[in-house]
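I wanted a record of what I looked up in this model, entry by entry. The notes follow the order in which I went through it.

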Amino acid sequence: MTDQRSRRPVPRPGKRPGSGGGGRPKNTAPKRETETTYVPDQKAKFLNPYAFVPALPRAALPGPLREDAEPRGHDRLHKDCWTGSIAVTLTVRTPLLLLDTARAAAPESGPQEHRVYPVLTRRGRPYLPATSVKGMLRSAYEAVTGSRFGVFHSGDLPLGWRRTAGDALSMKPARVSDDGTALEECETSARLPYYDPEKRISYPDGSTPQHLDEVHVRTEKKGNTSTVTEIRKGPPPEGSEEWKRGYVCVTGNNASDKTDERVFLVGSSRGKTPIPITEDMRRRWDALMRSYGDAHDPEDIWKRDGAEDDPGKRLGNEPGKLGWSAHLWQRERAELRPGALCYFRRTRQNGTVVTSIYPVTVTRDIAAETPGEMLPDDLHPAPDYDRLSIADRVFGWVAPKGSSTRPAGYRGRVRIGPVECTADERQAVTVFEGDGLPLAVLSAPKPSQGRFYLSEVSDPARPVQARASKEEVYTTKGRKLRGRKVYWHHAAVADDPDYWNPSGSGSADPTQQPVDGKGHREYRRPRKPVEGDGVISGGRFVTRDEEQRDSQNRSVRGWVKPGTTFTFRVDVHDLDEIELGALVWLLRLPEDCFHRLGLGKPLGFGSVRLDIDPDATTLHSGEQWSAYYHLLSDPLPENDAASVLDRCAKAFEELLAQGEMPKIRDAFLAVARGRADLPVHYPRVRPAALRAGHLIPPDPRGLAYEWFSANERLEDKEIAKGHGQSLPDPTGAPFLVAYREKKNDSGNGRGR
């Protein structure tokens, strides 16, 4: 096992402030608690910032795209291949973020961990690195040709996911046998009042029970729940039959309003047959612990102010202030040692009963397969020189790390650059004074969101069926990764100068001002929310006149203006008709389609248009070059680049119409075109106090997890109607639906 300090995660989400009820004075009517649920908000439809172009098994693609091959050598030109230079103009459609990371600095006022970035310039003009353009084109080329992934870090760890609270009912307590080879199932577990000082159950000497203490307890039962009323170490009083033997299990003060720990009771469990701990069970446990580690940032665990020496210490009831579970920061708790206390659960998978072991009842779990197993073999990076896909042969290839194959690389036959801006910095750059413009927090990739990243078993281009259970999403073998991530063009606001005015109108928070009914300024981070219960008023979030700058977001001192143009050349060497045709197709997409370039693409930045200048383009066949070099007296024939471009593009378009290729083509173009009738933003929930409408403003509190929690809502042990949404196919009805917070009066004052 690795040291827990080296692992990564997300702070536990806490409960929304104000969702609980306060007590009433005596001699009044019983308290009527308010239960918060979430229902679909059908008026609030939106596009998730990213979608997927299907990554289909290449065996189903047309021959020229399906076949892997050794690339052509650079030592000669081939008769029917094309060599030359394509002149391209790049026009910025939405502001372009070109940031000089080497000159990032702390703000003049504000936390020093926040970074402020200037615009990247060279010789008084915005500087667009040729490598950025080449990377953009390669990603698009891989997608539309169905090529192998140039880079894919699969690892050997299955996707991790969090089980629902309802799954806790099927968890059974157990203890690892003294020889470490088996699970000894416990009779049951009893609540041990632990964190409420007024109700805490302590030893007779006043000391607090500790994890793994062997104890005897007395309990009382209310309904299906047993609660410890008295506890002591050592043997019970003589002649007493009410005392039960057990072990104290302390997992940590890791949940909102948690008051109890547990005692695992072993009384009548002695007659139960121990469950052998198989190698597969240990492997899954180790993978689960690694998944916990990968999901958590060590700094969140070990560097919280006030809890540096005790990550299990609870600092409050808000996200980031709950205590961390012991298995995240105590090495011995992450191992199945003799005497360890844990939970187990039996499930039936593919006709086989599987026993899995967990550290807590509401737990993470791991998927049935690793990401590498969910990607078809013929889409993995080329393992050796003889099996390069079309994108590898055009843009180049490097052998996978540690493969020891020779040759270990291939230089591509496409070169980009230099890229020149046609205007100087004063004309091309919008400047933000002071500490710059604070950008919205970008959401980290969440491949563990199976409803977004995984497909149906029957078709890798189809999203997971709506309302499939969470367990079914992750434990069904045969699912595939949805494909290659692409970012929507923000068509609704791309050409609206008011939207791209980060100051808005007046002194109000610009993020809370809807722009012409099209959306809110999603690229800007909301100002700091007011404190207390007044965060929502008048149908909007109420914020202070103070920007939010911290380690979660970045600020920029400027961006490249829409309308700015860059010019560059694409030098091609010995490309056949299909290889060149795919490149030409990307360089002259339909007029309403755009590539995405640079940083902040989920926020709408970096939509760019590419256009070829055929008059400045030169292309000649290998046969023409051979004749030229043979004589060295006659010039190359007169350039007819336009007809070559058309012929090659038409050949590739014919391939795009065959077999499964329309699924790839249509998804790529749909995202590049965008939807003018839908806003683009990360999933969010409409609080109950926020007025209804088709737009929901950004929440300054950053409660992004709420939509995903609401999406898993259960009714009668099944995903509720209208919930369990999967990321849709971009070519159909591509929108998701927001959820609306609804407060229901439970009426009888039932406790938790």
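I began with strand S4 and strand S28 (residues 554-556), which pair in the parallel sense over three bridges. Helices (H or I, at least four residues) and strands (E, at least two) are DSSP runs, numbered from the N terminus, and two strands pair if DSSP finds at least two bridges between them. In this pairing I found Val116 opposite Ser555 in S28. The sheet they belong to is open, with three strands in the order S4-S28-S24 and mixed pairing. I noted strand S4 (115-117) and strand S24 (437-438) as the edge strands, each pairing on one side only.

Before going on, I wrote down the conditions. The model is predicted, so I kept in mind that local features need pLDDT of at least 70 and that side-chain atom pairs count only at pLDDT 80 or more, while totals for chains, interfaces and linings use all residues. Residues are numbered from 1 along each chain as its sequence is written, and side-chain values use heavy atoms, with hydrogens and water left out.

Next entry: the five-stranded sheet. I read its order as S15-S9-S8-S16-S17, an open sheet with antiparallel pairing. Strand S15 (275-276) and strand S17 (352-358) are at the edges with a single partner strand each, so one side of each has no neighbour in the sheet. Helix H3 (residues 279-294) packs on this sheet and touches strand S9 (182-185), S15 and S17, its direction making about 45° with that of S17. Contact here means heavy atoms within 4.5 Å. For directions, axes are lines fitted to C-alpha atoms, for helices over the stretch in contact, and angles run from 0 to 180 degrees between N-to-C directions.

I then took the pairings of this sheet in turn. S9 and S15 share two bridges in the antiparallel sense, and Ala182 has Pro276 in S15 as its bridge partner. Strand S8 (residues 172-176) pairs with S9 over three bridges, also antiparallel, and Arg175 stands opposite Glu184 in S9. The hairpin of S8 and S9 has five residues between the strands, and Gly180 takes a positive phi near 75° there. Strand S16 (residues 341-349) and S17 are antiparallel over seven bridges, with Phe344 opposite Ile357 in S17.

Next entry: helix packing. Helix H2 (residues 130-145) and helix H13 (residues 661-673) pack at an angle of about 145°, with their axes 8 Å apart. From H2, I listed Ala140, Ala143 and Val144, which meet Met661, Ile664 and Phe668 in H13. By class, this contact of H2 with H13 has six nonpolar, no polar and no charged residues. Ala, Val, Leu, Ile, Met, Phe, Trp, Tyr, Cys and Pro count as nonpolar, Asp, Glu, Lys and Arg as charged, and the others, Gly among them, as polar.

Next entry: aromatic rings. My search of the whole structure gave 30 aromatic pairs. Rings of Phe, Tyr and Trp (its six-membered ring) pair if their centres lie within 6.5 Å; planes under 30 degrees apart count as stacked, over 60 as edge-to-face and the rest as tilted. Trp161 and Tyr474 have ring centres 4.7 Å apart and planes at 5°, so this pair is stacked. Trp161 is in strand S7 (residues 160-162) and Tyr474 in helix H9 (residues 470-475), 313 residues apart. Both Trp161 and Tyr474 are buried (buried is under 20% relative accessible area, exposed over 50%, partly exposed in between, with a 1.4 Å probe and protein chains only).

Trp500 and Phe605 are both buried. I also noted one aromatic cluster, formed by Tyr50, Phe52, Phe452, Tyr453, Trp707, Phe708 and Tyr739.

Two rings have a charge over them: Arg364 lies over the face of Tyr292, 5.9 Å from the ring centre, and the charged end of Arg484 sits over the ring of Phe149, 4.2 Å from its centre. The criterion is NZ of Lys or CZ of Arg within 6 Å of the ring centre and within 35 degrees of the ring normal.

Last entry: Gly478, which I found in the loop between H9 and S25. Gly478 is partly exposed, at 23% relative accessibility. Leaving aside neighbours within four places in sequence, Gly478 is in contact with Glu369 and Val457.
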